[in-house]
Structures are given as C-alpha cells and as structure tokens.
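Work through the exercises below with the sequence and the model at hand. Each task is followed by a solution in steps.

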Amino acid sequence: MYKFARFFTTTILEVVAVFRRNAETKKTNECLKLKLKKKVLKMENEANKIFAFGLKKIVVRMKKNVVLLIVFTLFTGVLYGQNTKKADKAFSAGRYYEAIQEYNLLESKITDPQVLSHITFSIAESYRRMNQPEKAEPYYVKAIKGGYMLPDVYYGYGEILLNLAKYDEAKKQFEIFKRSNPDNQLVDVKIASCEYAKAHRMENPKFKLQPMETLNTRGSEYGVAYFNNNLIYASTGNPIEDNGKQNKQQVNISPRTGLPYSKFYMSIIFNDVYGKGEPVVGLNKGNARQNEGTFAYDHVNNLGYYTKCTGDSKNEQCYIFFAEFKNNQWKEIDKLKIENRSEPIGHPFVTPDGKRVYFVSIMEGGYGKSDIWYTDKYPDGTWSKPINLGREVNTTGNEMFPFVAGEYLFFSSDGHPGYGGMDIFASKIDGNIHGTAINLGMPFNSQYDDVNLIEKVDFSEGMLVSSRRSANNDDIFRFEGYPSALTASGQIYDSISKQPMPGVAVDVKKDGKIVEKLKSDENGNYVFYIEPDSTAYELTTSILRYNPIARTYYSINERFAALKGWDLPMKSSEAYISGIVTGVEESQDRKTKTNLGPLDKVKIEVHENGEAIKLLETNANGEYRFGDIKENAVYIVKATVGGGDEFFADFKKLEVGDIPQSIEFCKATGYDMDIELVKIAENIRLDNILYETAKWDLMPASYVELDKLVELMNKNPTLIIQIRSHTDSRGSTKSNQKLSENRAKSVVDYLISKNIPPARLQSKGYGESMLLVKPEKTDYDYQLNRRTEFTVIGTTGEALYDSRLTVTPSIDASGVRQIQDPPQYSQYPQQQTVTQAQTPPATGANIKNKPFTIQVAGTQRPASMNSSDFLKIKQLFNLDVYEERGTDGRYRYYAGGFDTIEEARAMCDKINRALGKADNEKFFAKKK
C-alpha cells in the first residue's frame, strides 16, 4: 500500500516539480508570459479535482509563486514542445505507469539531447515513485550521463541507491544534491540514514518474518487489520493470470501503478491457519476504478473505519469512511467529518475504546508532507479539532500507518534516519505526549518499504507490510510475539589513548552461554539486541597484545530503549610511553606562570639509547603516545613547537628496566612524561648575575643562573639570543655604557666557554638608558635597574652544534625504572657519545664526493624536496637529500655520503627504523 499512500500525499508537490525541472534551460519572453497566465489558473483549478492530500496548502504556495510557475510552464512549452506534453501531463498527475508508457514511445524518436535527458529522468522518477528501484537505477545513471543538470536527479538517484543498500554511493549523491540545497532538512536525514543503516545491520534474532503465502499475490497487499478472529486487508490481486490473459475480475488497471485497483479481502483464521482471502461485501462499495484500503475496527461500537479514494481514476480524492457491522454484514454509513473540515485524510486507526481516531493528512499546521494526527470523539458523536502528534513523531518527510499497541504508537516514516524507504518506528505514549521515535531495526525494517505494523490484542503475533521480496509490490508478513527494539551498544577502545579499535570480536554471554558473537565496526562501536528482563549479560573479548577483558551489564524492564555505554576499554599488554605537552607563559622575573593549556602539533622527537627512532606530533589535546618499548633502554622525548621561535623546547628522560606484562609509562602510573613548554617572552631577566663592584668580571655565584641558560640553549640548538646588560644611574653616562657593554660580553664569553656557538650569541650594553625605576630612591630601586637580560632575536634554521643526545644508563639492581627530574642533556667529547651514527653525517655539497650513499626514492617525474620522508631524514639525522637524473630519464634521490658501505648500511637501517618502513618500502645503501 505504500505506493498508493505515497501517491496520495506527494502528487500535488510533484506538479510544481515537473515545471521546475524544465525551467532552467531556456530563456522566456514577455509575450508568452501573458498567454500562459490562463494556463496556470486552469492548473490551479484542476488541482482541486485531481489531488488527494494537502491541496489547500499547496495551492496557497502556488499562488504565492504564480509568476515563477508561469515561467516554468513557458519553459516546458518552449523546450519540449508538443512531443512530451502527453507524457508530462500523466507524470504531473501522478499517473506514473501511464507516463512511462508514453515516454517509452517517445524515447526512440527524440534526438535532442536535452529532451532525451528530460525523458530519461522522468522515467527514472516514475519508477522510483512506483517503488521499483531496480528499474529506476539505470535510468538515473543514463540521465546523469546524458547531461541532466538539475539537482533533483542526485536526490532521486540517492534514494534509489539507499533502497538498494548501496549506502556509500547513496551518500555521495545526497551530498551532491545538498551543495545546491544546503537548507534541505530531508537530505540531511537521508545522509544520516546512510550512516545509520551501515551501523545497524544486525537482525534481532528473536523475530522471524514469515510471508503470508495464502494471502499474497503478484500484486500488492496492505492495510492489514485484525477483525474479531479474522484478518481484513486490501489487495490489488493478480494483474495477469498465468495464461497471460488479464484477470477478468480486475480488468481495470491504475494509471498510477500499472496494477489493478485495491479492494478489501478477509481471511478467516482457524486453528492459527489463515484461509484464502475473499472479497468483503459492503466495504468494496462504489466505482470499480477506485482504491479501498487501510482498515481499522472499533470493537465497542462495531464500526469499521477505512480509507476510500473517490472520484474517477484520474481525479482521486481520499477520505476516511466508516461502516457498521451488523447481522454479519457491513453497511457503509458516511464519511468521517472532523470538526466539519473537508481536507483529505486517510490511514485510520481507532483506539480500543472507540474514542480516538489516529489518521494521516498534510493539512495546515503540519511539519512536512504527511503527518499523523488524532481526533477525539465527543459524547454527541462529533469529533474534536485534529491534534498533530508533534516533532518527536512527525518530520519534514512522510509519516503513515499509525497503530497503537500497549503503551506504544507504531508508525512508518521516511523522515527519520533508517535503512531506506519507509521504516517502522515506535513512540511511547504518555497521556497525550508521544515520545521520541525509535527505529525497530531489522528484521522489521529493511532497505525497502516497511509499513503497517499491527498486533493482536494479546500480543501473541503481529503483521506488517513490506516490499522486500519484490521491489515492485507489497506483501504481508507475520511474526510471533510483541516487537522489541531494546538494544545495547558500546565502544571498544584503547584505555590509554582512547582510540577506537575496529574489528574486535566480542562474545555475549547470558546465563554462562554465548548468545551472540559481535565485531566492532570501523569506529570501534557495536550494538546488539537484548531481552528487557533485567538479565545480566557478560561481554568478553581478547585480542593480541591486549589483556583479556570481561564485563557484566544488566538490561532493564523496558521496551524500545537504547542502553548505551556498554564500553570495553582495552588495556594494552605492551609497554607504551605517553604524555601531554602544555604551554605556560612566565612573567619577566620568572616568578609567576600562566597556564596556556595543551599544545597541538608539537613535534615529538624520540631517542632510544641515544638514537633517534621516531618523529611524532601531539594531537588536539596535546597528547603523544608511542610503543615498542625495549627493556633496559633509556628514552628521551623532546618536544619542539614549529621553528622553535615561539616556545622553548624541552624534554623528558626515562630509564627503563624490566618491563612487566603491561604498562603505560605516564603520569597516571607514576612516570611523569608530561612536558611543559615555556612561551618565549620579549625579555627574560637573569637573576643573581653578579659582578665585581664597578667591574665586569663575573662572580662565581652567577654560574648557577648562567648554567641554566646554557641548558636552555642546548635544549634549543637553533635559537639566537642577545645578552643585554643595564646599569643604574649612578656614575657617568659614558662609564655606565662601557660597563654594561663589557658585562654583557662577559656573559657571552661564559656561554662560549660552555660550547655554545658564538654565531648564536650577541651582546649589547644599554647603560642607564632603560631604567625600570626612575628616579631611584632606595637601594632596591638601584638593584632593580642593575640587571642582565636575554632576548630571542631569531633562529639559525638548523643546529649549530652537536645536539645529539648522550645517555648513561644507570639502572639499579632491582630494575626499577627511574625518571631524572629535572632532565639533563650531557655534553661529552664525540668519542664518549652514543650518537645516530659513529661518524658525523656529511652535509652540503661534499656529500657527493663520498663513495657510498643511501637511495631513498626513484621516480619518473621530479619529486618535491619537501616530501615527508625527506624532511624527516633532515630533521632526525641532519642528512641532506639531493637529486640526480640518470641516463634512463628517471629521477633518483640520495641521502648523505659515506666513506664505507658499512657506515651507509648502518645509517640506512636507522632511517628505515625511524620512519617505520615496511620490507617492501625500505631504503637501501649503495655505491655511487
């Protein structure tokens, strides 16, 4: 029935759409505009006779946009002329079966590519609206290839792909459509449905759907309802008999669907066996070329409510009628009148007490296309003002087939995220409040249309209608029990890094037995159905290099709920080092600090036993983490921001002894590997820099503070600083200037004596020209003015000294891992240093003079010298990469030059390890 219901609720909207599709390819002229005003007025008048739901609402909108419609109509006449007029008219009126036949007759005769693309798209849309996705798909592909440019083609194609469970492809089409329709709420739902369907593919194992073979035909069956101990339903019957002749009882074919018109049938249930359906006398009343369907029975008043579409086959209007069941006969009484309103309505459901009727309409006050409403019966037999069920149920899409069972309203919708087409949802009823719509999941829903769920009073069985067996038509399916969508979901993730873990197997146990086997998806998530009976569920999993885990969770006595947070945090059985890099800003005297929070994209350089092995970056939370930790090794983790001219670099050092089964070397486990980087200020004062009175000779007490500066310079080997010395105002200006210059130079000389390269140091004396306190009144004022500062004035771009790390393992007998705090770099002569290579890497032009090298790339076209691998080789090993072009025309890239092949191979192994190269990716050493 869904295909009929869709026609009733969307046809009026499609009239505007057909003109809109034809409107953007030709220019119009003022002369024809006047001529076509009459056509638009005529179209508005005819709409009253043609369409079912939402007529008044749409006509109002059409009047507001009358000029636009005139242009659209004009474009249709100019572009397509009389060739497609008949087919377009059938399409506009929702007679899709007829339209396809007309378009097919034209397709082979038309040569104009624009007209052909219009025909192809219209055929695709007709098949889509007839709920035949397999037939629609190739026409959408052909329309797009044929140059159909209006965005509607991508939306329609996306819906078809969604129906065919091609979720990734469907999402792409919806996203293309959204670019030109950014405010369209329905396309957002469709995109969400693509993701939802991928993440909820599991079936509830408790429920099995059984097709009702004694009732189903090659046509459509829908509108099921229990009536006493029988089943009433609507059916089109078999359109064609096995011998190829038309069924004489159903000779009339609907121009909308190509199927016979639907009529009521009843199946008598005896000993749980459903008999063959027989026509219901008294309900199938009226023109043979009309549809009847969606029945509901009021047991209290012996009244049947049902949808009937009146008028001729091309001008249907659908309303709810009611009939009395008396003396085993049905007698139609009248049309249901709600507050004397005349809008078309359908899909009735009456509550067991007969006092409320739910129905479907697109009357004013709704949220989108067709909404679900209800009306209450007054004691005098009249009906109240219709009430919309609200946003939790109704959407900008279509909501249909309401049914109440117990505390829940069941309904079908294409406006909530689902599997594609119409899905069945449940909403808890609390008085007049209807709760959040919950998708019933599989097997109740599929990528096809799933509608019209009903239940017996004792909840022993239910029925629903679905097109899943045949994309052309709807069938009735039976299931046992009361549907339940109680799901449990969680995520499997690394307990330290919080990163999701996909593809992890999980066993679900109930009463000690495995009842379900799951696997986490690409985001580490899993979901499964459980019983709402307060049962304990044990979830167990194990994975290589992680400790096994078992957790127990409990369900609840609630249906259609989602239990979230059944997470499984996996603890690694390997050793890792992790920390957080934060920034601070110090005051000029370095006595107070301001926390700047975590720093992202900080370069993390990892050294193992003095060898650079990894180059990482912190994430948005300032976090870093790495594994493959070796026993009895020393690790130094250095953090640098950008070019080193915004924050001072710093590092932490960790000495590792014996490693237990699983450990994370981090602050939480007692190993503080967090790094705090100090923001570089304009001027930084050096306290306790003391000189002989009126002299520039440094006093030994100054060395403590200056050694801290030496350490800072070693940690930041690219910084260039200026030492600035100031005096107080006592003495002559000339003598104070000379004194400050010599004092600044004394500090520079001390730093040079500590192996800081002279190129990184400048000195400047300011004398008394920059007094902090003026005039000076106390000894403290004079002391404040006598000061030595340094300021960062630039960077070299590369280290100007041997900054390779030196380690001296010192693990105590117990094997306890130690953290040296504060960490220190040690500078030793080259022969005592464990470095990246036993010989300093050659840089610059002289590398070409060495007999051996490392080949790192070979390409047909020139490669970027800023490639990731090239930059890492430079950063980690201070090796230049150079390019040579061979006689074969290929470009080859080499790193460094070496005197022996052994040196080249040793360096090559270190580079491959640091960059994590697989066997088929490794660089190799070679002779030039």
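**Exercise 1: a sheet**

Strand S13 (residues 371–376) pairs with S14 in the antiparallel sense over 2 bridges. The model is predicted: local features need pLDDT of at least 70, side-chain atom pairs count only at pLDDT 80 or more, and totals for chains, interfaces and linings use all residues. Residues are numbered from 1 along each chain as its sequence is written, and side-chain values use heavy atoms, with hydrogens and water left out.

Task: state which residue stands opposite tyrosine 374, and which strands stand at the edges of the sheet.

Solution. Strands are DSSP runs of E with at least two residues, helices are runs of H or I with at least four, and both are numbered from the N terminus. Two strands pair if DSSP finds at least two bridges between them.
- Step 1. Tyrosine 374 has isoleucine 387 in S14 opposite it.
- Step 2. The open sheet has 4 strands in the order S11-S12-S13-S14, with antiparallel pairing.
- Step 3. Strand S11 (346–350) and strand S14 (387–388) each have a single partner strand, so one side of each lacks a neighbour in the sheet; these are the edges.

**Exercise 2: aromatic pairs**

Task: classify the pair of phenylalanine 295 and tryptophan 330, then the pair of tyrosine 482 and phenylalanine 560.

Solution. Rings of Phe, Tyr and Trp (its six-membered ring) pair if their centres lie within 6.5 Å; planes under 30 degrees apart count as stacked, over 60 as edge-to-face and the rest as tilted.
- Step 1. The structure holds 43 aromatic pairs. In the pair of phenylalanine 295 and tryptophan 330, the ring centres are 5.6 Å apart and the planes stand at 85°, so the pair is edge-to-face.
- Step 2. Phenylalanine 295 belongs to strand S7 (residues 292–298) and tryptophan 330 to strand S10 (residues 329–335), so the pair links distant parts of the chain, 35 residues apart.
- Step 3. Both phenylalanine 295 and tryptophan 330 are buried (under 20% relative accessible area; exposed is over 50%, partly exposed in between, with a 1.4 Å probe and protein chains only).
- Step 4. Tyrosine 482 and phenylalanine 560 are also edge-to-face, at 6.0 Å centre to centre and 75° between the planes.
- Step 5. Tyrosine 482 is in the loop between strands S22 (475–480) and S23 (487–494), and phenylalanine 560 in the loop between strands S28 (549–554) and S29 (562–563), so the pair ties together parts 78 residues apart in sequence. Tyrosine 482 and phenylalanine 560 are buried.

**Exercise 3: a helix**

- Step 1. Cysteine 908 has 4% relative accessibility.
- Step 2. After H16 comes glycine 916, with a positive phi near 65°.

**Exercise 4: a disulfide**

Task: which cysteines does the disulfide join, and what is its handedness?

Solution. A disulfide is a pair of cysteine sulfur atoms within 2.5 Å.
- Step 1. The structure holds 1 disulfide, joining cysteine 309 to cysteine 318 with S to S 2.1 Å.
- Step 2. The torsion about the S-S bond is about 95°, so the disulfide is right-handed.
- Step 3. Cysteine 309 is buried at 1% relative accessible area, and cysteine 318 is buried at 0%.
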